[in-house]
Amino acid sequence: MQKLSISLLLVFFACHARVSSAATQSVCLLQDAPQQCGEFCLTVLSPMLDHIARHQDEWTSSILQANETEARLGRIEALQTAMHYRQKVLQEGLAKDIGSRLDRLESQQAALLRILTKFNRKIVPPKFELIGSRYFYIEDETRRNWTSAGSCCLQMGAQLAIIRSAEELASLKAKLNKERHYWLGITDLAREGDFRSSASGKRPNFFKWRAGQPNNFSGNQHCVDLLDGLMYDNKCEGLSYFVCQSDDDSLD
C-alpha cells in the first residue's frame, strides 16, 4: 500500500509539471487543452498503473506472509519460554524428590539397624539359660584367669557378665556354688579404683561389695569376682570359674 501511494504521487506531480509547462507558453497550441492533456497523462502513466495493478496482489500477499511469520515467531518464543519454565520446575522438583527419597532411605536403614540390633540381642548361644530376665552361661568345670575367661565368653559370642540389679544378683546367686569364686566383666586396670565394664568401658549401675572391698590388697587386685553373692577385687592372674552373658553390654 505504501508503494501504491508513492506511485500516485508521482503521477500527480508528472501531470502538474506538464500543465505548468504548457501554461508558460504564450499561446496554447491545443484546441481542447484540458481533455487532450488528460488523455496524454493517462497514456504516459498507463504502464506504471498497469505495473501497480499487476503487483498489488503480490505486495499484499508479502505483507500478509510477513505478518504471519511474525505471529509464528511470537508463538515460538512463547513456547520456548514455557518450555524453559517447565524444565526449571522439573529440575527443582526432581532435586527435592531425590532429597526426600534419600531421607526416607536413611530413616528406613536406621530403623532396620535398630531391628537387627534387637534381633541380635535375642540370639541365644548354646548352653545359655534364662536366669531372671537375661541369658547366662555358668562355667563350673574349668577355672581360668580373668583374661582367659573373657576370651572364652567371646568365643561363644558372649562376654563376662555384668550384674544389673539386686534382683538379678539374687536370681544368679541361686544358680551358683556359694563356695566358688566366679569372674565378672568388671575391672579397674585402666585406673585404680575406677571400676568399669571390660566390654563397654562404662561404669556399671550396680555393685554389691563385701564389707572392706574393694581393697586392692598387695596393690595388684584389679579384676572383680563373685563369691556367695558378694563382689571382691582380686588378682587378674588368679584362677576362678566365671559367668558369661549373652547380650552385649556395649549396646545398653
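**Disulfide briefing**

At 0% relative accessibility, Cys-153 counts as buried. Cys-153 is bonded to Cys-244 in this predicted model, which holds 2 disulfides. Counted along the chain, the bonded cysteines pair in the pattern 1-4, 2-3.

**The Cys-153 to Cys-244 disulfide**

- The sulfur atoms of Cys-153 and Cys-244 are 1.9 Å apart and form a disulfide.
- Helix α3 (residues 146-155) contributes Cys-153 and strand β8 (residues 240-245) contributes Cys-244, so the bond ties together parts that are 91 residues apart in sequence.
- This disulfide is left-handed, because the torsion about the S-S bond of Cys-153 and Cys-244 is about -75°.
- Cys-244 is buried, with a relative accessibility of 0%.

**The Cys-223 to Cys-236 disulfide**

- A disulfide links Cys-223 to Cys-236, with an S to S distance of 1.9 Å.
- Cys-223 belongs to strand β6 (residues 223-227), while Cys-236 sits in the loop between β7 (230-234) and β8, so this pair ties together parts that are 13 residues apart in sequence.
- The torsion about the S-S bond of Cys-223 and Cys-236 is about 95°, so this disulfide is right-handed.
- Cys-223 and Cys-236 are both buried.

Technical notes
Residues are numbered from 1 along each chain as its sequence is written. This is a predicted model: local features need pLDDT of at least 70, side-chain atom pairs count only at pLDDT 80 or more; totals for chains, interfaces and linings use all residues. Side-chain values use heavy atoms; hydrogens and water are left out. A disulfide is a pair of cysteine sulfur atoms within 2.5 Å. Helices (H or I, at least four residues) and strands (E, at least two) are DSSP runs, numbered from the N terminus. Buried means under 20% relative accessible area, exposed over 50%, partly exposed in between (1.4 Å probe, protein chains only).
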